[in-house]
Amino acid sequence: MIFTEESKREKWIRRFLKKAVHYNKVNILRNGTEAFPVMLKSIEDANETINLEFYKIQNDKTGWEFARALAKKQEEGCSVRVIYDSMGCIDAGNELFDYLKLNGVRTLEYHPVLPFSSKHWGWWKRNHRKMLIVDGKIAFVGGINLTDEYSGVIGEAQGWRDTDIVIIGPAVRDLQKLFLSTWNTEGTEPSDGKRFFPVIEPAGEIPVRILGSRRRKNRRIIRRAYLNAINNSRNIIFIANAYFVPDRGILRALKNAKKRGVDIRLILPAKTDIPPVRYASCALYSRFLRWGVRIFEWQGSVLHAKTAVIDGIWSTVGSFNIDRRSITHNLEVNVTIFNEAFGKKMTEMFNEDFKNCKEIELKKWKRRSLSQKFFEKLFYLIRHWF
């Protein structure tokens with residue numbers, strides 16, 4: 001059977017809605033200044049379980065605020081579990097995690113950097129997720145780590161630019177499964193699953209899919225979701241991504257979308273914590289600009305968001321960077337949402353962010369320095385190594 005372009009799009013929508021978990025409520029949280037107070041209040045109100053999985057928890061004001069809140073709930077009788085990435089927390093030291101253990105909080109250091117400290121050592125495989133699940137009914141997912149950088153305590157007044165979402169409803173169950181899958185696979189103490197899965201009543205009207213990449217399963221599931229959405233786009237593609245070095249498949253999809261007349265805009269960092277990745281990303285600017293893709297660089301603080309909205313109906317928020325590391329090596333989690341009302345909120349957020357960006361123009365971009373061009377070519381050439 002030959003499908004028209006529109007029927008392919010309808011088929012994609014039907015497939016998404018069939019796989020989605022319905023009847024959820026989802027809200028956007030911009031930066032740590034919005035996310036941290038809501039997360040801490042949810043921890044304070046917890047009754048049964050708290051599961052926290054983060055790439056980076058720092059030994060600073062923010063990290064200790066969460067550590068004390070978790071320890072307090074463990075003392076009150078909640079089951080509290082924490083998964084943290086060894087590389088992400090390498091400069092945090094042991095004091096904060098020792099404090100959690102002394103107060104009864106179960107912790108799991110994902111792939112310890114020291115090679116003989118765990119049978120699960122794997123330096124190159126990292127847990128890049130950022131999520132908090134409370135009582136199996138409310139969850140927070142996005143790109144925000146638990147550090148002062150996101151709260152404005154150090155540096156910029158608003159901290160790093162990032163986005164989380166809070167989900168209430170049946171989709172939280174899939175996030176709970178994802179957490180426990182990692183805990184039971186990597187940890188030494190299996191969990192009793194019964195306590196973690198209460199009955200969840202409908203909370204809203206939003207259909208949600210939880211996409212979790214794992215070590216040997218579904219490694220490319222988030223990339224496929226991006227590709228499907230881009231290939232079925234008709235009007236707009238807005239992407240904000242901190243470490244944007246797309247592979248050939250995504251580049252081809254973006255080029256074809258632009259040929260169809262889609263308005264494509266990228267928000268990328270002008271300032272970064274990993275310069276080689278930015279150089280590799282900048283190596284693609286000329287190509288994008290020639291295609292007619294508009295590039296906006298975030299000004300001021302570091303951009304760390306991993307978000308997108310397509311045609312105002314498909315949205316995603318999570319930890320996934322559009323680069324080789326996220327596709328091949330990291331544990332990631334993204335939430336995809338198919339809802340016009342939520343898509344409108346995402347579009348409004350992007351339109352607000354564009355105001356804090358500087359648009360890159362092709363004529364001016366061509367006049368960048370020879371040293372800039374050299375480092376772009378160098379780091380793009382070795383992009384698979386970082």
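Which backbone oxygen does the side chain of Arg368 reach? That of Trp365, at 2.9 Å. Before going further, please keep in mind that this is a predicted model, in which local features need pLDDT of at least 70, side-chain atom pairs count only at pLDDT 80 or more, and totals for chains, interfaces and linings use all residues. Residues are numbered from 1 along each chain as its sequence is written, and side-chain values use heavy atoms, with hydrogens and water left out.

Arg368 sits in the loop between helix 12 (362–365) and helix 13 (370–381); helices here are DSSP runs of H or I with at least four residues, numbered from the N terminus. The side chain of Arg368 also makes a polar contact with the side chain of Glu376, at 2.9 Å. A polar contact is a pair of N or O atoms within 3.5 Å; within protein, one must be able to donate a hydrogen and the other to accept it, and residues adjacent in sequence count only if both atoms are side-chain atoms. Leaving aside residues up to four places away in sequence, Arg368 touches Ser286, Lys373 and Glu376, where contact means heavy atoms within 4.5 Å.

Glu376 leads us into helix 13. At 1.5 Å a residue, the 12 residues of helix 13 should span 16 Å, and its end C-alpha atoms are 17 Å apart, which agrees; the expected span is 1.5 Å times one less than the number of residues. Gln372, Glu376, Phe379 and Tyr380 of helix 13 are buried. They cover an arc of only 100 degrees around the axis, which puts them on the same side of helix 13; the arc is that of the directions from the helix axis to the C-beta atoms. On the other side, Leu370, Phe374, Lys377 and Leu381 are exposed. Buried means under 20% relative accessible area, exposed over 50%, and partly exposed in between (1.4 Å probe, protein chains only).

What do the buried residues of helix 13 pack against? Their partners are helix 7 (248–259), helix 8 (275–282), helix 9 and helix 12. Arg287 belongs to helix 9 (residues 285–291) and is partly exposed, with a relative accessible area of 32%. Not counting residues up to four places away in sequence, Arg287 touches Leu251 and Tyr380.

Key
Helices (H or I, at least four residues) and strands (E, at least two) are DSSP runs, numbered from the N terminus.
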